[in-house]
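Visitor: I am new to protein structures and would like to walk through this one slowly. Could you show it to me and then take my questions in turn?

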Amino acid sequence: MHVDTPPAALRRLSGPVRRALLPLADGLGGATSAARALPDVLICGAQRSGTTSLFKSLARHPAVTGPTLRKGVHFFDVGYSRGVEWYRSCFPLRASLRARRGRPRVRVMESSPYYLFHPLAAERIARTLPEVLVVVVLRDPVERAYSAHAHESARGFESEPFARAIELEEDRLSGEEERLVADPGYYSFAHQHHAYLARGRYAEQLARLERHLGRERIHVVDYAELFDGTARALAGIERFLGLPPGPGTPPGRHNARRRSSMPGPLRAELTARFAESDARLADWWGRTPSWRA
């Protein structure tokens, strides 16, 4: 029978309760940091591509757990200055992960979708977690952009309508990536929250991951296949991670937001704008993404 590890049980608490407990958990984690694990698995994005759903699905596996009270820690993008011992303090004790009573050693995962897009994250991951395995979920970049805009608007991070936000994106992001690279302590609100089209240019982001981690440590999943109503894509992820077969439950959809349909002419324009980027992705991936099939 599967018995939840403490982090899994704690994450089932309501959001307000978990937030109230975070300072206590962080304090305990800091005091016992040396005895805690670092992740074996990172879900690195893309944003609004089902990373929360994938995290929840993997967390149901008896040999997988995550950070205490969190899905993502955002260490390799916006929290790197806090140091690796702080990062370690966010995860379970190593003793709780040992194989026992027929259960294999528990793998530790984290999911922060900004890791794929942040220009320094891949290098930081490679330096800190030299054996980590990375999973990336890719969604139609036009749908991803529209979903991201609805998400940022609902959170109060965007005040412009979608079409206007797309017009403003180039100016908003001008020089921001260069500044992030030049000054590792710099934080760019626009780069994290207003990169609707830039985040959908997947090939260059995957090439950066490959450059620092190696192709064999990256598993890319098509959003349409992850949510096709079966557990086939999830089973492929489990094989990549070296896990025994899990419960076999298809991933559910989490964090979905209601929104109006995108105007047809705007959709056609954006689809055309992504044609070259999607072609480079197909070359890198060795297959045609579902949204171009």
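Guide: Two strands pair if DSSP finds at least two bridges between them, where strands (E, at least two residues) and helices (H or I, at least four) are DSSP runs numbered from the N terminus. What you see is a predicted model, in which local features need pLDDT of at least 70 and side-chain atom pairs count only at pLDDT 80 or more, while totals for chains, interfaces and linings use all residues. Residues are numbered from 1 along each chain as its sequence is written, and side-chain values use heavy atoms, with hydrogens and water left out.

Visitor: In what order do the strands of the open sheet lie?
Guide: The open sheet has 5 strands with parallel pairing. Within it, S1 (residues 41–43) is joined to S3 (residues 107–111) over 3 bridges, and 3 bridges also join S1 to S4. S4 in turn pairs with S5 over 5 bridges, and the order of the sheet reads S2-S3-S1-S4-S5.

Visitor: Which strands stand at the edges?
Guide: An edge strand here has a single partner strand, so one side of it is left without a neighbour in the sheet. The strands placed like this are S2 (64–65) and S5 (218–222).

Visitor: How many residues of S4 are buried?
Guide: Buried means under 20% relative accessible area, exposed means over 50%, and partly exposed lies in between (1.4 Å probe, protein chains only). One side of S4 carries Leu133, Val135 and Val137 and the other carries Val134, Val136 and Leu138, and both faces are covered. The number of buried residues in S4 is 6 of 6.

Visitor: Why is helix H5 described as largely enclosed, and what do its buried residues pack against?
Guide: Helix H5 (residues 121–128) is largely enclosed by the rest of the structure because 6 of its 8 residues are buried. These are Ala121, Ala122, Arg124, Ile125, Ala126 and Thr128. They pack against S1, helix H4 (84–88) and helix H10 (202–213).

Visitor: At roughly what angle do the axes of H10 and H14 cross?
Guide: The contact between them involves residues of H10, including Tyr202 and Leu206, and residues of H14, including Arg280 and Trp284. The axes of H10 and H14 (residues 275–285) come within 7 Å, and they cross at roughly 35°.

Visitor: What kind of aromatic pair do phenylalanine 76 and tyrosine 115 form?
Guide: Rings of Phe, Tyr and Trp (its six-membered ring) pair if their centres lie within 6.5 Å, and planes under 30 degrees apart count as stacked, over 60 as edge-to-face and the rest as tilted. Phenylalanine 76 is buried at a relative accessible area of 0%, and tyrosine 115 is buried at 1%. Their centres are 5.5 Å apart with 70° between the planes, and the pair is edge-to-face.

Visitor: Which arginine lies over the face of tyrosine 223?
Guide: A charge sits over a ring if NZ of Lys or CZ of Arg is within 6 Å of the ring centre and within 35 degrees of the ring normal. Tyrosine 223 is buried, as is phenylalanine 227. At 4.6 Å from the ring centre of tyrosine 223, the residue over its face is arginine 139.

Visitor: Is glutamate 169 buried or exposed?
Guide: Glutamate 169 lies in helix H7 (residues 162–173). Leaving aside neighbours within four places in sequence, glutamate 169 is in contact with His194, Ala195, Tyr196, Leu197 and Ala198. At 4% relative accessibility, glutamate 169 counts as buried.

Conventions: Contact means heavy atoms within 4.5 Å. Axes are lines fitted to C-alpha atoms, for helices over the stretch in contact, and angles run from 0 to 180 degrees between N-to-C directions.
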